[in-house]
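Subject: The structure for you to look at

Hi,

Here is the structure I said I would pass on. Have it open while you read, and turn it around as you go.

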Amino acid sequence: MNKLYFIRILVFILFFNACNIKNKTSKDTNLQTIESPYLGQKPPGLMPKPFAPGIVTTDGWEVSGVFTPDLKEFYFIREGEKEGQQEIVVIQYENNQWKDSIISSRVGTPFISPDGKTMHLSKRYKERTKDGKWSEVKKLNYPFKDLPIMRLTASSKGTYFFDEFKSDFTGDIRYSRFMDGKYEEPKLLNSKINSGKSFHPFIAPDESYLIFDGKREGGYGDSDIYICFKQQDGSWGEPINMGDKINTDAWEALACVTPDGKYLFFNRNMGSKDKDYENVDIFWVSAQVIEDLKPKTRT
């Protein structure tokens, strides 16, 4: 009887210690138990939901989430510990574990080129080195260096689409093609897109559609997200509001599509408008919302 009692006590102690070890591991390295892809998150459907609650999305301020083409690195901007400080963070998948680290204080708005070789940071950039790391920050030269760019994105052809933020809080979207070994003078997109408050463009890798945000007549209140599709003649169609599942009376902006084309990421202000957007969250939704908005071709 005493021997059986002792064995039971020993089993209980071993079980209790095992639980404690498991709980400590989960608390201290809470990203280690998450499997790939998308940080182990359950994919959304046609209703947007916050991305990676407690890991990426918090009660604080997070914006501009982008994946690398291999889906093993996720970059975003968040509030730093000091008031007014912003930092670029990466959550990286290595050795079957996701690990987060701070890259630097905020330097531009991150966007990864379709080939994964360049991290655009507004009018700055980094390049992949041979060891898979990033180079030091470099500056774009003429004709971009003096432009007030908030966000620059690139197509597979290397064409840049970017916004220009002006001191009167207006802005337009321009593009610049890489031709004859250099970038051409940036050109304005048409007046249908540029209404004076058009920001944060995302160009599809094949340039078949353009997503941007702005406050326009007929919208839902604050900044909304719009999409326009390339026409057969190469022109851009009318901007289409992405609807009341994406847009609300709050601020929505900074949309992009994952490199595999499956999900749309964007930002939404979840806090009050009069406190500098103290709680902005990163949302994601199935990219089927884009397919559903495509103009139906007549047969």
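Below is what I found in it, topic by topic.

First, some ground rules. This is a predicted model, in which local features need pLDDT of at least 70 and side-chain atom pairs count only at pLDDT 80 or more, while totals for chains, interfaces and linings use all residues. Residues are numbered from 1 along each chain as its sequence is written, and side-chain values use heavy atoms, with hydrogens and water left out.

**The overall picture**

The protein has 2 helices and 22 strands. Here helices (H or I, at least four residues) and strands (E, at least two) are DSSP runs, numbered from the N terminus. Of its 299 residues, 45% are buried. The cut-offs are: buried is under 20% relative accessible area, exposed is over 50%, and partly exposed is in between, with a 1.4 Å probe and protein chains only. If you take the contacts (heavy atoms within 4.5 Å) with a separation of 6 or more, 44% of them are between residues 24 or more positions apart.

**Strands side by side**

Two strands count as paired if DSSP finds at least two bridges between them. Start with β3 (residues 73–79) and β4 (residues 86–94): they run antiparallel and are joined by 7 bridges. Look for Ile77, which sits opposite Ile88 in β4. The hairpin of β3 and β4 has 6 residues between the strands, and Gly84 there takes a positive phi near 85 degrees.

Then β4 pairs with β5 (residues 97–105), again in the antiparallel sense, over 8 bridges. Across that pairing, Tyr93 faces Trp98 in β5. This hairpin has 2 residues between its strands, and Asn95 in the turn has a positive phi of about 55 degrees.

Elsewhere there is an open sheet of 4 strands in the order β10-β11-β12-β15, with antiparallel pairing. Its edge strands are β10 (149–154) and β15 (187–188), each of which pairs on one side only. Between β12 (residues 171–176) and β15 there are 2 bridges, and these strands run antiparallel. Arg174 is the residue opposite Leu188 in β15.

**Charged pairs**

Side chains of opposite charge can pair when their charged atoms come close. How many salt bridges does the structure hold? There are 10, where a salt bridge is a side-chain nitrogen of Lys or Arg within 4 Å of a carboxyl oxygen of Asp or Glu.

One of them is between Lys138 and Glu127, at 2.7 Å from N to O. Lys138 lies in β9 (residues 138–139) and Glu127 in β8 (residues 124–127), so this pair ties together parts that are 11 residues apart in sequence. Lys138 is partly exposed at 33% relative accessibility, and Glu127 is partly exposed at 33% too.

Another joins Asp172 to Lys166, at 3.4 Å from N to O. Asp172 is buried, with a relative accessible area of 14%, whereas Lys166 is partly exposed at 34%. Lys245 and Asp244 also meet in a salt bridge, at 3.6 Å from N to O. Lys245 is partly exposed at 43%, and Asp244 is partly exposed at 48%. Finally, Arg177, Glu184 and Lys187 are linked in a network of salt bridges.

**A charge without a partner**

Where is Glu207? You will find Glu207 in the loop between β16 (199–203) and β17 (209–214). Glu207 is buried yet has no salt bridge, and the nearest side chain of opposite charge, Lys230, is 4.1 Å away. For charge, Lys and Arg count as positive and Asp and Glu as negative, while His and the chain ends are not counted. Leaving aside neighbours within four places in sequence, Glu207 is in contact with Ser155, Lys157, Thr159, Phe161, Lys230 and Trp236.

The structure holds 1 cavity of 30 Å³ or more. A cavity is a set of points, on a 1 Å grid over the protein atoms alone, where a 1.4 Å probe fits but cannot get out; lining residues have an atom within 4 Å of a point. Grid points are joined across faces, edges and corners, and a volume is the space filled by probe spheres set on the points. The largest cavity has a volume of about 30 Å³. Its lining is made by Ile88, Ile103, Ser104, Val107, Met119, Leu121, Lys126 and Val137. The elements giving two or more residues to that lining are β5 and β7 (118–121).

Best wishes

Note on methods: 1 Å grid on protein atoms, 1.4 Å probe; cavity = no way out; pocket = protein on both sides within 12 Å on 5 of 7 lines; lining within 4 Å.
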